[in-house]
Amino acid sequence: MAAASTEPPRLKQLLERDPYLAPFRTDFQRRYSLFYNRLKNIEESEGGLDKFTKSYKTFGVNQLADGGIYCKEWAPGAEAVFLAGDFNGWNPSSHPYKKLEYGKWELFIPPEDGHSPVPHGSKLKVVIRAQNGALLYRISPWARYVVRDEDKVNYDWVHWNPPQSYIHKNPSPKRLKSLRIYESHVGIASPEGKVASYKNFTYNVLPRIKDLGYNCVQLMAIMEHAYYASFGYQVTSFFAASSRYGTPDDLKEMIDVAHSMGITVLLDVVHSHASKNSEDGLNQFDGTDSCFFHSGYRGNHQLWDSRLFDYANWEVLRFLLSNLRMWIEDYRFDGFRFDGVTSMLYHHHGIALCRPVAEGGGGFDYRLAMAIPDKWIQIIKELKDEDWNMGNIVHTLTNRRCEEKYIAYAESHDQALVGDKTLAFRLMDAEMYTNMSVLMPLTPVIDRGIQLHKMIRLITHALGGESYLNFMGNEFGHPEWLDFPRIGNNESYHYARRQFNLTEDDLLRYKFLNAFDRDMNKLEERYGWLASPQAYVSEKHESNKVIAFERAGLIFIFNFHPYQSYVDYRVGIETPGKYKILLDSDAGEYGGHQRLDHNTEYFSEEYPHNYRPNSIMVYIPSRVALVLHTMDIPK
């Protein structure tokens, strides 16, 4: 046991494969030792990690089988703790908690004639007597449901214990080999200028996601957050599903319906910091500056204006790990996307973050390829089309460590927010408002924007990683930025929406981008390039502006030249045979110019080219991406 606690069991093999990591060996050993010893302490003190992470079933306010109520809180700085609410006429002292060891408090309220003494839907508060004698009315950190009346500023804690909770009917999908993620926000998932609902997402958005070929939805802003415009990143109640979209059962139904469609559901988790709110958040829960957070300067994030958790604290670990388990067990989320990990592991610098714990890594499955969207922004903003550097594009898309999985994306919610621009907006700008109608002549700006939008997304999808992510609406070039209601825009919902209806109008060109995105995903589903080894790039020709590579048995050819088309262009390939076009960005249904005959058959030659043993000759028009597959290997 002692040896295992000082060295990750597979670290030696990792270092043999990647000598670059050798200088970090001591750090790996130190971190693994901390992990191993903390896990061992949990096993000895709490009866195991399984029991430790089920604490959400005992902390907070929980219904017992006999109808009674068991309450438990951790408030180490409190002098006394009480429960008040509708059930006792808001008497602040009639139901005192009993003080336990290590700053914990508990209260048992017996049933009344076999029924719960705290009715479903009634309001509650934990009353803390602080060290200075003040009475503080707080929402339990473990509260499952909080609501805010329209005429109030703060949220209220509502006891959620319906007679019949939603029962999941569908199992979770099997673990996906190829992950195509649709990054989503329930509240803006409607063309209407209002806060959309879980029900709307269930019946209007999920079918759309399925049709587009995405097999995973990543849900943002689910944990309750008092400030809507924070995009869910200022969490106030970690165990409560946001009530602005509906009830907990509505969310459970939404996830269940997603599972029935074979869609994996990920939760955007914000454990890197918490809202500074005290009356309806975690801040100063027990009347002190610490409790769940570091005290003083270390406990405050100056840029985010939020509180920072004390991860070394035993009860903070209980809270956060139990939080993850609750979302999996109660709501049936399939996994998580962790936000702000570098804030949690700032001294770690990301080395070995997505390697297994047994190798001294962080144990994450994927990391976001954040350099990719930055590169596309830089190219479009700073360079003329003739000056695009093919080698630099390929380097950015392929620059990742072997055996670490990356989520590639051309843009996410960050680029959609007010103050930034989506790819479509950067490419087409103001003309999106006037020239996206098919009744209008196709202007050079719109033509360029539509063609490059498709090419950028396909090359990112096929070359940039082992998973792909898109933020809702960006697939069809959503014409406006995203801006939540706030004082600065007169609390308007006009930009806090996604205009899916634009793709359903046959007179608008948005339908072309939407169709291409759908067929791109469907093709990946068929051939699985995201689950295949990294591509072999055979060409990145600077003057021709051509990139060619092979992945998953497919040939990808991109001609980024703004005006030069090539007849009989030779492309090196590995596998000989007869090839046909599977995807053509120049097709009419994608808003292209239909310059290619899809009945054409391309026969390979035993003619080496670009270090490949065989080659084919193709016609590749300007600003066109092609995907070819050999007809000799049916699929």
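This is a predicted model: local features need pLDDT of at least 70, side-chain atom pairs count only at pLDDT 80 or more; totals for chains, interfaces and linings use all residues.
The domain assignment gives domain 1 (10-53), domain 2 (61-159) and domain 3 (535-630). The centres of domain 1 and domain 2, taken over C-alpha atoms, lie 38 Å apart.

Now look at two helices. Helix H3 covers residues 25-46 and holds phenylalanine 35. This phenylalanine 35 has a relative accessible area of 38%, so it is partly exposed. Helix H13 runs over residues 444-463. At 1.5 Å a residue, its 20 residues should span 28 Å, and its end C-alpha atoms are 28 Å apart, which agrees. H13 is mostly covered, with 18 of its 20 residues buried.

Next come the charges. Side chains of opposite charge can pair when their charged atoms come close. The count here is 36 salt bridges. One of them joins arginine 175 and aspartate 365, at 3.1 Å from N to O. These partners sit in loops, 190 residues apart. Arginine 175 is exposed, because its relative accessible area is 71%. Aspartate 365 is at 42%, so it counts as partly exposed.

Compare another pair. Glutamate 224 forms a salt bridge with arginine 244, with the closest N and O atoms 3.3 Å apart. Glutamate 224 lies in strand S12, and arginine 244 in the loop between strand S13 and helix H6. Both residues are buried.

Salt bridges can also join up. Glu46, Lys104, Glu315 and Arg318 are linked in a network of them.

Definitions and conventions: Residues are numbered from 1 along each chain as its sequence is written. Side-chain values use heavy atoms; hydrogens and water are left out. Helices (H or I, at least four residues) and strands (E, at least two) are DSSP runs, numbered from the N terminus. Buried means under 20% relative accessible area, exposed over 50%, partly exposed in between (1.4 Å probe, protein chains only). Domain bounds come from an automatic or database domain assignment. The expected span of a helix is 1.5 Å times one less than its number of residues. A salt bridge is a side-chain nitrogen of Lys or Arg within 4 Å of a carboxyl oxygen of Asp or Glu.
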